[in-house]
Amino acid sequence: MQITTALALSPSAPFLKPKYLLNRNANPRIVPVQQLNLFTSTNGLSCERSFSLFSARTSVLFPYPNPRVSGFKFRASSVPANDEENQKSSSSGEILQLGIMFAIWYLLNIYFNIFNKQVLKVFPFPATVTAFQLGCGTVLVILMWAFNLYEKPKISKSQFSAILILALLHSMGNLLTNVSLRKVAVSFTHTIKSMEPLFTVVLAALFLGEKPALPVVSSLVPIVGGVALASFTESSFNWTGFCSAMASNLTNQSRNVYSKKFMLNKEEALDNINLFSVITIISFLLCTSAAIFIEGIKFTPSYLQFAASQGLNVRELCVRSLLAGICFHSYQQVSYMILQMVSPVTHAVGNCVKRVVVIVSSVIFFQTPVSPINSFGTGLALAGVFLYSRAKRLKPKPKAA
């Protein structure tokens with residue numbers, strides 16, 4: 001326990017009697033000049049002493065040594081342990097900041113999925129929608145660099161070739177996710193995407209040589225079983241939506257595994273924020289080309305009027321598309337910021353909770369019919385994801401020699 005004490009030493013009236021002064025003038029004029037505070041600290045023990053210097057007309061006056069201690073007044077008072085309090089306040093501030101960032105991450109996810117689903121219902125062109133969302137992200141990245149909110153990266157040719165592959169996988173993953181969201185309910189798409197750990201384990205074993213531990217493999221059983229149970233009882237089941245969601249799992253986890261390998265091999269690798277920013281810009285260019293090639297140019301008055309006939313007028317369509325694009329980029333940006341503050345396992349747990357929040361909020365907002373068996377399958381899959389994140393935290397025991 002840290003004990004901190006301050007001792008204040010001040011002269012009393014008897015101490016200043018003329019008989020104790022060097023200059024024995026009859027009526028010395030004593031004027032306080034200044035107050036000195038000496039503060040010392042050693043190993044957490046602090047001592048503060050204060051005293052006064054005095055002057056007279058002719059010389060500075062010092063008292064003779066006085067054997068009596070009655071001329072002194074000692075005052076003890078407690079001083080806050082600054083180091084300990086600063087650590088506690090800093091820790092509390094970091095926890096509060098992290099909690100706020102998680103809340104923002106979840107809210108942006110909720111609004112993105114709602115706005116995105118509303119747009120895809122009336123504007124059934126997922127490639128064009130994906131390109132528009134990546135375009136919104138590109139504008140935000142350019143503004144971030146233009147206003148020096150984040151340092152602009154310098155990319156070498158070897159780095160660019162590796163990032164190009166990441167951007168291609170990123171584009172495919174987002175495009176396939178939007179195809180699934182167009183065909184099936186939001187809740188079902190996210191239930192399927194909860195199978196991401198299965199693809200992570202398989203791809204890491206194939207390309208990184210990582211052998212999964214038994215607890216990790218065991219946690220995959222409820223994930224696969226839960227998704228299968230939810231799929232059999234899903235009212236909005238569609239094979240196109242199901243297969244595109246599974247394909248997005250494959251591409252997204254391929255991107256993550258390749259990114260891990262890329263970051264390990266490069267000595268001057270980019271940080272998460274800049275890596276994601278560069279990927280966003282390249283993905284926008286790739287998706288724009290793919291959208292024109294696959295769907296043609298769809299942002300024309302005739303197609304916008306068609307969307308208006310489906311339930312949203314042109315103004316509402318444009319506003320919700322813009323909001324979906326901003327939320328799309330922002331929630332991923334916040335996710336990478338959180339990843340820089342916490343461990344990957346903690347981030348995975350947060351991502352699991354995020355998926356639960358998105359599924360529940362979408363079911364409530366869109367009034368998606370959910371049977372008890374379907375709910376059980378979804379819950380089982382999400383529980384498996386949570387167990388997976390916990391199993392990844394366990395460290396393998398060293399083998400005895």
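In the predicted model, Tyr331 is buried, its relative accessible area being 15% (buried denotes under 20% relative accessible area, exposed over 50%, and partly exposed the range in between, with a 1.4 Å probe and protein chains only). Phe328 is likewise buried, at a relative accessible area of 4%. Both residues belong to helix 10 (residues 314-341), where they are three residues apart, about one turn of the helix; helices are DSSP runs of H or I with at least four residues, strands are runs of E with at least two, and numbering starts from the N terminus.

Aromatic pairs number 14 in the structure. The rings of Phe102 and Trp105 form a tilted pair, because their centres are 5.8 Å apart and their planes stand at 50°. Pairing requires that the ring centres of Phe, Tyr or Trp (its six-membered ring) lie within 6.5 Å; planes under 30 degrees apart are classed as stacked, over 60 as edge-to-face, and the rest as tilted. Phe102 and Trp105 are three residues apart in helix 1 (residues 82-122), and so are separated by about one helical turn. Phe102 counts as buried at 13% relative accessibility, and Trp105 is buried with a relative accessible area of 1%. Phe328 and Tyr331 also form an aromatic pair, an edge-to-face one with 6.2 Å from centre to centre and 80° between the planes. Elsewhere, Phe188, Phe237, Trp239 and Phe242 are linked by ring pairs into a cluster.

Residues are numbered from 1 along each chain as its sequence is written, and side-chain values use heavy atoms, with hydrogens and water left out. As the model is predicted, local features need pLDDT of at least 70 and side-chain atom pairs count only at pLDDT 80 or more, whereas totals for chains, interfaces and linings use all residues.
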